[in-house]
Amino acid sequence: MSSQDNRHMAHALSLAARGLGRTWPNPAVGCVIVSNGRVLGRGWTQPGGRPHAETVALAQAGEAARGATAYVSLEPCAHHGRTPPCCDALVAAGVARVVTTMEDPDPRVAGEGLRRLRAAGVEVTVLDQMAGAAMEANAGFLMRQASRRPLVTLKLAASLDGRIATARGESRWITGPQARAAVHMMRAQADALLIGAGTARADDPMLDVRLAGLTDAGPVRVVADGGLSLPLTGRMARSVSDQPVWLLHRRDADRARRDAWRGLGAQTLPCATDETGALVPLEMLRALGDVGITRVLCEGGGKLAAALLRAGVVDRLVYFHAGLVLGGEGLASVAAMADLPLDEVARWRLHSSDRIGDDVMTEWRI
C-alpha cells in the first residue's frame, strides 16, 4: 500500500459519486485503471446500473489494461446479470492487480469477487483505511442490503425559530438562492424525493432538478397519499412522462383512483397502515426498497417529517437555517411529536456546518 494507492482510490471514489441518484438498485462505483503512474481508463456506474464502472474503464484502456492495476471503489461483482461478472472481465483483460476498499455485502458477491480474482492469479489489495469513505459513498446501497429500506435524509428549510411558512401560508422564499441551489444538488444525488399529500396539494410542486447540466437527473417523485387524494390535474400528474411519479397508498384505496393514476403512467405502491389508518413509515420505505430505491430525500411537510422521526427511520437531517424570525403564528417545520421526557428524546450528532450564502446548512446524524 502506498500514497499512490490512496490517491488513485480517492479518484475512483470521486468518480463513483457521479453516479449517485442514477444507478439504483446498483451501488455507485468508480474504477480507475493505472499503469506506471499513468491513467489508462476510468469509469463509473452508468444510469440504471449498467454498464458497470469496470466495464467502462476497461473499454477505455483496451489492450493497455494487461498488466495494469485497477482501482475499484467496491468489490467487483461476481454474479451474472444483464452483463457478465466484473471480476471475470478484469481477469480476461489481463489486469495484474486489483485494489478495492471493502467487500460488497450483496449475498451474490460477498467476497466471491475477490476470491475469484485471487484464484486467477490477480493480486488483490484491500485498502481498509478507505473503507469509511467507500461506506459513505454507498450508504444507501448498504442500508438497503442491511435493512431492506433506503437511506433517508430529511431536509428542513426554516426560519431561526423553526417555521417553514408565515401565518398567511407564505413560504417562498425563506432561504436564499444559494441554499435552494444546494437543495437541487441534493435532489440530483437522490434516487427518490418524498413528500406528503398535504404538501403536494398545497404547493403543487414539480420536484425537478433545476441546475445547469443536471436537469436530466429526474429522481422519482414519491407522494405518501393514503387515500390517493392528489388531484389528477396537478403539475406532477401532467409531467409523469417526463419524471416518474409513485404513490404510496392504503391497501383499500379507491381502485378507480388507482387505475386513473396508473393510466397516466404513475406507479402505485400499497402499504400497511396503523390503527388510525395512517401509512406505517417503515412499511412505506420498505415498499420503496423492494423496488430498488436506495436513497430518499424527504422534503416535507411537517406531518410527514414528524411521522418519520417518531418511527426512527430518519438517518440524516439536513437543516437550512434562514436569518429571519416568524414567530409562533408561523407553520412549524415538524408537526407534533410524542410527549417524551427529555432524557428519552433522540439526540442527534452534528456532522457538518456550512455557510451557504446568507443561510447556514447543518447536517445531523443519529
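Is D315 buried or exposed? I looked this up in a predicted model, where local features need pLDDT of at least 70, side-chain atom pairs count only at pLDDT 80 or more, and totals for chains, interfaces and linings use all residues. Residues are numbered from 1 along each chain as its sequence is written, and side-chain values use heavy atoms, with hydrogens and water left out.

Entry on D315. I found D315 at 16% relative accessibility, so it counts as buried (under 20% relative accessible area; exposed is over 50%, partly exposed in between, with a 1.4 Å probe and protein chains only). D315 sits in the loop between helix 12 (302–311) and strand 13 (316–321), where helices (H or I, at least four residues) and strands (E, at least two) are DSSP runs numbered from the N terminus. I noted that the side chain of D315 reaches the backbone nitrogen of V152 at 2.8 Å.

Entry on salt bridges. I counted a side-chain nitrogen of Lys or Arg within 4 Å of a carboxyl oxygen of Asp or Glu, and the structure holds 16 such salt bridges. One of them joins E299 to K155, with the closest N and O atoms 3.6 Å apart; K155 lies in strand 6 (residues 151–158) and E299 in the loop between strand 12 (295–298) and helix 12, so this pair ties together parts that are 144 residues apart in sequence. E299 also pairs with R187, the closest N and O atoms being 2.7 Å apart, and since R187 belongs to helix 7 (residues 177–188), that pair ties together parts 112 residues apart in sequence.

Key
A polar contact is a pair of N or O atoms within 3.5 Å; within protein, one must be able to donate a hydrogen and the other to accept it, and residues adjacent in sequence count only if both atoms are side-chain atoms.
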